[in-house]
Amino acid sequence: MVKSFYVETLGCPKNQVDSEKLIGTLLADGMQPTDDPTRADLVVVNTCAFIDEARRESIDTILALEDQRKHGAKLVVTGCMAERYGHELAEAMPEVDQVAGFGVPVNLTMKPAGRRSIAVDAVSVPSLDLLNLPRPKATAPWAYVKIAEGCDRNCGVCAIPSFRGPQRSRSIDSILAEVDELEAREIVLVAQDLAAFGRDQ
């Protein structure tokens, strides 16, 4: 029987791109998407942690989806909050089956049945780099394309470099290939520091 998944995305357009990369990975694994979290075998929350309000929204969304998920469904938390506060989040939320930074592929086999322990993985530069993973075709006439990940700045008000790692610009060829695959009429380029694109190459 084909397993189904539901992905809830919070935060900025960069998170939306990350979610679409995760969706592409899950589709490649043979899973099917659903827009109903109560029917999904796998529920993924892609969190935001940039400001207090975003963190509160992430927690509220996780708890709401935990209440809605069907018996036996797995609840996985990923994204910025998982990367920045992974251990604290895992300890504070036993309802969650896994807290995973983007260094870990999301799938249904990560937690053996019957165990309540939570795997937490934290790396400064993800071993699973979402940048060049395939994603589904755009469902709208426009699409965001992330052209770099991480940031080399150390601004006092931003923790992104601490969990997203240093600036990593994509190659022009990989960006153009993704644009072609999306088949969107309008492309919006995004990155943590868009103006720094290519400086690391």
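**Salt bridges and burial in a predicted model**

By salt bridge I mean a side-chain nitrogen of Lys or Arg within 4 Å of a carboxyl oxygen of Asp or Glu. Lys-70 sits in the loop between α2 (52–68) and β4 (74–79), and Asp-41 in the loop between β2 (32–33) and β3 (42–47), so this pair ties together parts that are 29 residues apart in sequence. Asp-41 is buried, at 15% relative accessible area. Lys-70 is partly exposed, at 32%. The cut-offs: buried is under 20% relative accessible area, exposed is over 50%, and partly exposed is in between, with a 1.4 Å probe and protein chains only.

A word on the source. This is a predicted model, where local features need pLDDT of at least 70, side-chain atom pairs count only at pLDDT 80 or more, and totals for chains, interfaces and linings use all residues. Residues are numbered from 1 along each chain as its sequence is written, and side-chain values use heavy atoms, leaving out hydrogens and water.

Back to the bridges. How many salt bridges does the structure hold? There are 14. Take Arg-39 and Asp-36: their closest N and O atoms are 3.4 Å apart. Arg-39 is exposed, at 58%. Asp-36 is partly exposed, at 23%.

Now Glu-178 and Arg-170. Their closest N and O atoms are 2.8 Å apart in a salt bridge. Buried or exposed? Both Glu-178 and Arg-170 are buried. And they belong to one network: salt bridges with shared partners join Glu-20, Lys-21, Arg-135, Arg-170 and Glu-178.

Next, helix α1, residues 13–28. Its 16 residues reach 23 Å from first C-alpha to last, close to the 22 Å expected at 1.5 Å a residue. That expected span is 1.5 Å times one less than the number of residues. Buried residues in α1 include Val-17, Lys-21, Leu-22 and Leu-26. Just after α1, Gly-30 has a positive phi of about 95°.

Finally, the whole protein. It has six helices and ten strands. These are DSSP runs, numbered from the N terminus: H or I with at least four residues for helices, E with at least two for strands. Of the 201 residues, 45% count as buried. Contacts next, meaning heavy atoms within 4.5 Å. Among those between residues at least 6 apart in sequence, 70% join residues at least 24 apart.
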